[in-house]
2 protein chains.
Amino acid sequence: MIVLGIDPGTANTGYGVVKGDGRGLVSLVECGVIRTSARQPLPVRLLEIFDGVTELLARHRPDALSVEDVFYAKNVRTTVVLGHARGVVLLAGQQAGVAIFELPPAEIKKAVVGNGAATKEQVQFMLTRLLRLKSVPQPSDAADGVAAALAHLMSARVPTLAMARQRGATA
Amino acid sequence: MIVLGIDPGTANTGYGVVKGDGRGLVSLVECGVIRTSARQPLPVRLLEIFDGVTELLARHRPDALSVEDVFYAKNVRTTVVLGHARGVVLLAGQQAGVAIFELPPAEIKKAVVGNGAATKEQVQFMLTRLLRLKSVPQPSDAADGVAAALAHLMSARVPTLAMARQRGATA
């Protein structure tokens, strides 16, 4: 099972492609960041994010797309612009016909570390360990994308939890 | 000059296509609503909105796409989901290569009525009059789309204002 995890952002959209053998062994296929320039108008940046995610979906043909839920910034404007970026990520997934799962940050932490209030460092430590990497994926947005993919793989082993989440995504 | 105006929403995305003869005479070409079902998952609804706007752009080949800015609902979650819908509208415009203009609600009211604090009824009255319609476009989301298109046409006659807005959209 291959999962593409995405941490949406207008400046940096982190992604991670993680493979699971169905018996608990997971490995990292690829990770990185889709960067856009702040000098470009928002529609141009949205097209870059959309094209980047569409290309990843076409190249890896994942079984699932796991998208981190919006981080509610104190600045409402920032949160809304983030919603724009997340919208085109979900659209790319729907166009590709892949199963889409939306995970709140706390659920990602819980699935990877076992604690919904874990720190960023704890998440990075655990994913480095679970994927047997020599160092933490860089930059941190890429690591967040990997964590989203890993969280789906970890929780997908508990069918009822995965089903509940899919229903949640449908609501 | 043909302008497609859009009032984005996850349930109802209103649109209006308005034509200007360049000498102040404006006429309504078409208006309506792209409806999505609340029972569908968000990614499905976003695809319906994206496909609907893409179809309108292909059929009318407008010179400009005028998109109402996000209404900041008291419920942050509602505002963020609206950001998702608006994101796929801007993406459709960028993919089609049309000039995109983002207008805050107050600017639409000011361009149509001459007062940024005008009521919905005042806006509907003025657009019915300016477009020489027998009645207000229905439903109100369609009227909001028409207002966005009309506002761009009205302000485009003042070149410096239109340029300032385009710079704003680029920032």
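Helices (H or I, at least four residues) and strands (E, at least two) are runs assigned by DSSP and numbered from the N terminus. The model described here is predicted, and for that reason local features need pLDDT of at least 70 and side-chain atom pairs count only at pLDDT 80 or more, while totals for chains, interfaces and linings use all residues. Residues are numbered from 1 along each chain as its sequence is written, chains are lettered from A and ligands numbered from 1 in the order in which they are written, and side-chain values use heavy atoms, with hydrogens and water left out.

**The second largest pocket**

On a 1 Å grid over the protein atoms alone, a pocket is an open set of points with protein on both sides within 12 Å along at least five of seven lines, and its lining residues have an atom within 4 Å of a point. A volume is the space filled by probe spheres set on the points, which are joined across faces, edges and corners. The second largest pocket has a volume of about 410 Å³. Its lining consists of 22 residues, and B:Asp7, B:Glu68, B:Pro105, B:Lys120 and B:Asp144 lie nearest its centre. In chain B, α2 (76-96), α3 (105-113), α4 (120-130) and α5 (140-156) each supply at least two residues of this lining, and the largest share, five residues, comes from α5(B).

**Two packed helices**

Two packed helices are described by the angle between their axes and the distance between the axes. Axes are lines fitted to C-alpha atoms, for helices over the stretch in contact, and angles run from 0 to 180 degrees between N-to-C directions. Helix α1 (residues 42-60) of chain B packs against α2(B) at an angle of about 35°, with the axes 9 Å apart.

Most residues other than glycine have a negative phi, and most peptide bonds are trans. A cis peptide bond joins A:Gln138 and A:Pro139, with omega about -10°, and A:Pro139 is found in the loop between α4 and α5 of chain A.

Definitions and conventions: 1 Å grid on protein atoms, 1.4 Å probe; cavity = no way out; pocket = protein on both sides within 12 Å on 5 of 7 lines; lining within 4 Å.
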